[in-house]
Amino acid sequence: MIELVNLKKQFYDKLVTKGVNLKIEDGTMICIIGRSGEGKSVLLKQIIGLIEPTSGQVLIDGKDTTNISERERDKLFEHFGYVFQFAALLDSLNVFENVGIKLLENGYSIKKVLPIVKEKLSMVQLKEDVLYKFPSELSGGMRKRVGLARTLITNPKVILYDEPTTGLDPITSRVIQELMSDMQKRLNLTSVIITHDINMFQYADKIALLHNGKIQSTCDAKTVWDSKDPYLYQFIRGLPNGPIQTEIPHAKDKF
Amino acid sequence: MIIKVVDFIGLYVLELCRSVGSFFLFLIKAVTTLFTTRLKVSKLFDQFERIGVSSLSVVILTGVSTGMALALQTYIGFQRVGGEQFIGSIVALGMIRELGPILTGLMVSGRAGSAITAEIGTMRITEQIDALKTLRLNTYQYLVVPRIVAGTLILPFLVLFTMIFGIIGGYIVCVYVLGLSSEDYINSIKDNVVLDDIKGGLIKSGFFGFLLTWVGTYKGYRTSGGARGVGKSTTSSVVTASILILTANYFLTKMLENI
């Protein structure tokens, strides 16, 4: 189980996360939603240790990860995967090298790595003909799938997704969502998803709304559309009026 | 007003301390990684190619043009006192002891040091370094150590080329332009240049290679702020490496003189 306890992150004089408390049960899929600039990606990076929290705790199966050595952290996060918003593929390496990088860097031979890479690519519905293509030769959706395949090479128990469908067309978004859901079920993963995509809710177990640096509301994903929580109600329907204040003036006020 | 000035100076000093501290901590981590993990030999050779082989043409051109200009300038001065027969040794000693190492250091810093910063900086802002970290790969072992080791080892070889082509450039000017005797030029070098001169030049160049790759990797690794940030880091990398090379040159010369 992942547990965030009063997690705070300050950049210079700006407090981004102001005391996040959240429990994520094993084997569940949770969507963290919130307005742009709320600190969702910062929160996700704090979970995996890419950003050090200013204060608070990130507990993985009860163990605090904020005050441990790098070696202990490497061991604890060995089976954690992270899918980046723009895939973050190494642009000087081809698909085979990108997906197999962990094994290749750990001294495995190309002969051993190749079948594993092919297996992971087939899991994300990519054919072998992409093996020797470079990231610049791939579409956005393919890049995201290669990013996911790279994560699967670590045999993850937890995958953190940073806006996995942003910038994709509705059909590709749907394919990626189904792929994530399929992975979730087949590998019994815990998935933490930062998203603005309300279509993702149908695959999720839980929704958490990050507002004003804190988890404002949580809700069962199946009943999110029936929720009477004013914050959730406003956010998922994209209403300009409500408890979530917008700095952008309404169109009618502009003119 | 006074409080504002004190505040500004205080902030500047704090920022300077933070930057210098971060610079040295980066090096400590790189050195620790070098001695505690396996050196990636394939990446090392890749960097030899990128820093060394790719810089060869620039280095040869630098050597030839500097040697030619040095010979010409020396001739103008020495003919007044009838010392033309010493031009060979002046060119050779100048190229071997000072100009070869320092000009190669500056040229490679501009060519390869900036490329190192731009490449690692781009990897930083496009989250490629973060991706390596999430895969639990050692980013210092993967990105930093091979570049610093390659830079330190390859620069003396590049400097050897600068030295040789500088002397050849001087020879061309002396013999074919100024009409001096070929024997005078060669004998002057044979009589006045000793192995310690070459050794000193090569030690210095190894240190310059270390400096320019250290600065290059550090500036790239600490890049932030998008495309503009990469541009700023790259410029800063070349400026910092050049200043460090020029400053270190004096102290290294003094130190090597006493050994």
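1. Helices, here, are DSSP runs of H or I with at least four residues, and strands are runs of E with at least two, both numbered from the N terminus. The model is predicted, and on this assignment chain A has 8 helices and 10 strands.

2. The radius of gyration of chain A is 19 Å, close to the 18 Å that the globule rule gives for 255 residues, so chain A is as compact as a globular protein of that length. Its C-alpha trace spans about 60 × 45 × 35 Å along the principal axes.

3. Within chain A, 38% of the 255 residues are buried. Of the contacts in chain A with a separation of 6 or more, 62% are accounted for by residues 24 or more positions apart.

4. A:Lys127 belongs to the loop that lies between helix 4 (110-123) and helix 5 (140-152) of chain A. Is A:Lys127 buried or exposed? A:Lys127 is exposed, because 9 other C-beta atoms lie within 10 Å, and a residue counts as exposed at 12 or fewer. Between the C-alpha atoms of A:Lys127 and A:Asn6, which are 121 residues apart along the chain, the separation is 44 Å.

5. The contact between the chains draws 13 residues from chain A and 11 residues from chain B. On the side of chain A that touches chain B, the largest share, 3 residues, is contributed by helix 3 (residues 95-105) of chain A. That side of chain A divides into 8 nonpolar, 1 polar and 4 charged residues.

How values were computed:
Residues are numbered from 1 along each chain as its sequence is written. Chains are lettered from A and ligands numbered from 1 in the order in which they are written. This is a predicted model: local features need pLDDT of at least 70, side-chain atom pairs count only at pLDDT 80 or more; totals for chains, interfaces and linings use all residues. The radius of gyration is taken over C-alpha atoms; the globule rule is 2.2 Å times the number of residues to the power 0.38. A residue is buried if 20 or more other C-beta atoms lie within 10 Å of its own, exposed if 12 or fewer, and partly exposed in between; C-beta atoms are placed from the backbone. Two residues are in contact if their C-beta atoms, placed from the backbone, lie within 7 Å. Ala, Val, Leu, Ile, Met, Phe, Trp, Tyr, Cys and Pro count as nonpolar, Asp, Glu, Lys and Arg as charged, and the others, Gly among them, as polar.
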